[in-house]
Amino acid sequence: MNRTTLSLIAAGTALAAVTGFAALNAPDGGDSAPGKAAEQRPVDRSSLLCPAPSASELAETAYTSFTPKGKGADGKGDARLERAAEKLNTSEDDAEDKEDKDSADSTDSGKKTDEKDGKPALEATSVGKPVTAKAAGAESPALIGSAEGALAPGWTVQQTTEMPAGNGRGLLGLNCGAPDTDFWFPGSSTAEERADYVHLSNPDATAAVVDIELFGPEGALKSEVGEDITVPPHSSVPVLLSTLTDEAEANVTAHVTARTGRIGAAVQVSDQKLGADWLSASADPGGSVVLPGIPKDAESVRLVAFAPGDEDADLKISLAGATGSITPAGHESLHVKSGMTAAVDLGDVTKGEAGSLVLTPTDRSVPVVAALRVTRGTGAKQDVAFIPATAPVGERATSADNRAKGSTLSLTAPRGEAKVRVTASDGSGGGTSVTETYTVRGGTTLEVRPKVPSGLKGAYALTVEPLSGAVYAARTLELPADGVPMFTVQTLPYDRGMVSVPEAEQDLSVLQK
């Protein structure tokens with residue numbers, strides 16, 4: 001998807017006023033303006049959206065904000081998360097009732113949510129050190145975040161919810177996402193045993209209008225209520241996917257588009273048998289896709305793919321493991337019909353060795369989106385996580401919330417050897433950062449238990465910076481509880497910390513005369 005964390009720096013704004021455009025691209029992509037080459041500069045503003053984590057009184061959620069040190073990190077800045085207006089009903093009476101409830105709730109003390117005096121739920125003013133906040137139970141709100149100045153380049157926020165029992169039991173992790181207009185969610189479901197809510201968050205001062213399309217194994221699912229969903233300004237709206245159609249399907253691809261405005265979107269999955277986690281959007285449709293970070297002890301892995309174009313896709317399935325790439329026995333390829341969701345159960349494909357799935361075209365390249373559903377444990381002691389196809393790390397990527405125990409980093413180099421620098425930041429409550437360098441052989445996945453900062457207190461961030469070669473990355477966090485191997489996996493695409501600003505051919509000094 002086109003990540004619109006985009007922020008115009010002052011020079012870019014002036015340039016747009018003179019020439020009519022400014023290029024906002026990742027360092028390794030996009031066309032620059034004609035004439036002089038585009039200059040890479042740090043963004044000076046970033047936006048992130050965190051959906052409401054849980055309605056359960058048992059849930060506890062940690063928010064972790066982090067901006068890595070680097071170019072553009074000098075000087076002053078600010079990053080904050082503020083409560084979204086929870087306007088889930090359109091009638092004036094309902095809105096007034098909600099305002100009364102919010103006023104009562106806001107009298108609670110602590111940093112759990114925005115308070116009546118307008119303080120943010122979380123605020124950070126320095127780089128290189130995580131800042132954390134906690135929220136408990138049903139009081140946990142959706143949050144709208146912004147970072148400016150030195151805190152903007154590479155700003156990352158993670159929310160991690162521990163739900164020990166009941167419906168939605170599990171460890172739910174999510175990288176709070178940037179606002180955008182187009183999202184694909186292969187791996188969704190409208191089955192009876194699943195409750196999949198897509199959370200739509202609007203960061204802007206005008207309403208957004210959203211359409212949701214659902215695609216099953218036979219094509220589009222019939223729906224008369226998936227269009228023209230209004231998301232009020234500065235609000236978050238959860239939509240239960242199974243209410244959009246009468247067709248119950250285990251494997252569905254959800255397509256979320258903003259007809260007007262821009263939104264953040266993520267799917268909260270709750271399975272009656274397998275537990276719960278967040279499903280993030282797949283990377284933009286591509287002919288080849290990478291899904292990194294399958295745990296070595298995965299009991300079952302299900303691949304779900306979708307071809308959004310007019311052509312069918314034929315994909316070769318490869319598993320990049322510790323020693324090289326193999327083709328899973330009996331699952332050498334996958335045929336994906338245009339406009340239809342395809343799924344295949346790969347079982348315990350990793351066989352005790354952490355790996356990453358790589359899909360490549362068997363013949364001509366046809367764009368697809370994909371995701372994995374991964375389970376660990378057995379019987380009543382299972383937990384589930386989702387791994388969407390992801391973009392490469394690019395220049396830099398960060399996992400903001402890591403603990404003294406339980407964090408694992410997966411680094412995958414599907415097309416050739418890569419060298420990677422990994423920095424564990426200072427701890428949120430104390431501790432000194434540590435940096436290590438790793439070499440990932442081509443066609444393999446390197447599983448890393450990173451060194452924690454010396455004297456660590458609290459949470460720490462992991463920043464991944466490729467020194468050579470193309471790398472895909474994911475972070476797994478394990479927090480077992482009562483015999484359940486609770487875990488969550490977040491992919492680590494490029495953090496969009498830099499912006500391309502083309503140099504002007506014209507001498508701008510003439511404008512001052």
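Predicted model: local features only at pLDDT ≥ 70, side-chain atom pairs only at ≥ 80, totals over all residues.
View 1. Residues are numbered from 1 along each chain as its sequence is written, and side-chain values use heavy atoms, leaving out hydrogens and water. Arg 259 meets Asp 211 in a salt bridge, 2.7 Å from N to O (a Lys or Arg side-chain nitrogen within 4 Å of an Asp or Glu carboxyl oxygen). Asp 211 is in strand β12 and Arg 259 in strand β16, so parts 48 residues apart in sequence get tied together. Asp 211 is buried, at 13%.

**View 2. A loop-to-loop pair, Asp 204 with Arg 262.** The closest N and O atoms of this salt bridge are 2.9 Å apart. Asp 204 is in the loop between β11 and β12, and Arg 262 in the loop between β16 and β17, 58 residues apart; strands are DSSP E runs of at least two residues, numbered from the N terminus. Both ends are partly exposed: Asp 204 at 21%, Arg 262 at 24%.

**View 3. Arg 449 reaching Glu 478.** Here the N to O distance is 3.4 Å. Arg 449 belongs to the loop between β33 and β34, while Glu 478 is in strand β36, 29 residues apart. Arg 449 is exposed at 53%; Glu 478 is partly exposed at 22%.

**View 4. A salt-bridge network.** Asp 78, Arg 80, Glu 82 and Glu 123 are linked up here. The whole structure holds 20 salt bridges.

Note on methods. Helix = DSSP H or I, 4+ residues; strand = E, 2+ residues; numbered from the N terminus. Buried < 20%, exposed > 50% of the residue type's maximum accessible area, 1.4 Å probe, protein only.
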